Amino acid sequence: MAVNLVNVEAVSKVYGTRALLDGVSLGVSEGDRIGVVGRNGDGKTTLIRMLAKLEEADTGRVTHNGGLQLGVLTQHDSLDPTATVRHEVIGDLADHEWAGNAKIRDVLTGLFGGLDMPGFPQGVDTVIGPLSGGERRRIALAKLLIGEPDLIVLDEPTTGMDVTARQAFWATMREQADQGRAVLFATHYLEEADAIADRVLVLHRGRLLADGTAAEIKAKAGARKVAFDLPADGTGSGTGGTPGTGIDAALAERLRALPHLTTLDVSGHTVRLQSTDADATVHALYGLGLYPRNLEVAGLGLEQAFVAITEAEEARTR
Ligand SMILES: Nc1ncnc2c1ncn2[C@@H]1O[C@H](COP(=O)(O)OP(=O)(O)O)[C@@H](O)[C@H]1O
Ligand SMILES: [Mg+2]
């Protein structure tokens, strides 16, 4: 059994009359890689602040395992703009001390491509003030990782990073996780959660709608996507319909009547739909005498699953 690091029990937070968090419970254990997803304003930052005990819950309880070393990267770093990278990240260690420290070497190499921090005008002696948001985030993260926390909590960590920085960042986080650290991060990039997290928490208007693997979340969305091409008259017989023209309104209307549809998008000859029972939908398609070409049936991506789950919730509570 992995050691439990943090417990969040029925935590709620209200601002004015609005619930920022509403009865959220979750546990974080050693080795967890948790992605918290939600739209802007759904409560990700609030949850992170409660979980890290940066802020008190109105009701409910947050417990940290005794001796927990927590490293938190909030949305706005607290780096001193007048300080150098050296001062913020390495502190007062002499060059021969930090350059001989495997931990510091690993972190600087992983996040910046080398001890001399190529890409930064004066390497470790670069002053922080004028750096970009993405650079500052990497510096704040380096500082945090050198402290060797048991649990790393990151709020929208890759905001402002370019593709290269983002990849270096996630490679570093994977290494950290492989060394046994737990990682919990909030993101609105669902593909990041899909790729990195082994557990995804879906927040929606302050409530936890789902907590499971990306595969479980996709299954919970309960839909699959279907794509195919249709000639203009849909029969594929080559008669009727004009080559080069798209699917006409009458045919689109028949498609809209297919069973179990949740979405339908017709573009030229191509139809894309989501269905809560893709087998039955495809069966009905043939039943209409239509002849789909290039048929593809696939599970939803995490982003589509997220939209399906949150829209179902919106419909339920409307
Ligand atoms: N101290 C506060 N005062 C007023 N509104 C707040 C405060 N803290 C958070 N909010 C609001 O609560 C909602 C949830 O915020 P947040 O947790 O930051 O969401 P997320 O990080 O998912 O975008 C947002 O609409 C935010 O504007
Ligand atoms: Mg936020």
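Colleague: How far from an oxygen atom of ligand 1 does a polar side-chain atom of Thr46 lie?

Modeller: In this predicted model, the polar side-chain atom of Thr46 and the oxygen atom of ligand 1 are 2.5 Å apart, where a polar contact is a pair of N or O atoms within 3.5 Å. The side chain of Thr45 has an N or O atom 2.8 Å from an oxygen atom of ligand 1, and for the side chain of Arg18 the corresponding value is 3.0 Å.

Colleague: And how much of ligand 1 does the protein bury?

Modeller: Ligand 1 on its own exposes 560 Å², and 61% of that is buried by the protein (Shrake-Rupley areas, 1.4 Å probe). Two elements, β2 (18–29) and α1 (44–51), each give two or more residues to the shell around ligand 1, and α1 gives the most, with 3 residues. Helices here are DSSP runs of H or I with at least four residues, and strands are runs of E with at least two.

Colleague: Which residues surround ligand 1, then?

Modeller: Among them are Tyr15, Leu20, Arg39, Asp42 and Lys44, each with a heavy atom within 4 Å of the ligand. Sorted by class, the shell holds 2 nonpolar, 5 polar and 4 charged residues, with Gly counted as polar and Tyr as nonpolar.

Colleague: Before we move on, what do the numbers and letters refer to?

Modeller: Residues are numbered from 1 along each chain as its sequence is written, while chains are lettered from A and ligands numbered from 1 in the order in which they are written. Local features need pLDDT of at least 70 and side-chain atom pairs 80 or more, whereas totals for chains, interfaces and linings use all residues, and side-chain values use heavy atoms, without hydrogens or water.

Colleague: New topic: what is the strand order in the sheet of 6 strands?

Modeller: The order in that open sheet is β5-β6-β7-β3-β8-β9, and the pairing is mixed, with two strands paired if DSSP finds at least two bridges between them. At the edges are β5 (70–73) and β9 (207–212), each of which pairs on one side only. Ignoring direction, neighbouring strands are turned by 15° against each other on average. Strands β3 (33–37) and β7 (182–187) run parallel and are joined by 5 bridges, and Val37 stands opposite Thr187 there.

Colleague: Which strands does helix α11 lie across?

Modeller: Helix α11 (302–317) lies across β3, β8 (199–204) and β9, at about 35° to β8, taking contact as heavy atoms within 4.5 Å and angles from 0 to 180 degrees between N-to-C directions of axes fitted to C-alpha atoms, for helices over the stretch in contact. Helix α5 (133–146) lies across β5 and β6 (151–155), running at about 175° to β5.

Colleague: At what angle do α4 and α6 pack?

Modeller: Helices α4 (102–112) and α6 (163–178) pack at about 145°, with their axes 8 Å apart. Lys103, Gly110 and Leu111 of α4 meet residues of α6 including Phe169 and Gln176.

Colleague: Why is one side of β11 left without a neighbour in the sheet?

Modeller: That strand belongs to an open antiparallel sheet of 4 strands in the order β11-β12-β10-β13. Both β11 (261–267) and β13 (293–299) are at the edges with a single partner strand each, so one side of each has no neighbour in the sheet. The twist there averages 10° from one strand to the next.

Colleague: How many bridges join β11 to β12?

Modeller: There are 6 bridges between β11 and the antiparallel β12 (270–275), and Leu264 stands opposite Leu273 in β12. Helix α9 (249–256) packs on this sheet, touching β10 (224–229), β11 and β12, with its direction at about 160° to that of β11. Helix α10 (278–287) also packs on the sheet, where it touches β10, β11, β12 and β13 and makes about 25° with the direction of β10.

How values were computed. Polar contact = N/O pair within 3.5 Å; in protein donor to acceptor, adjacent residues only side chain to side chain.
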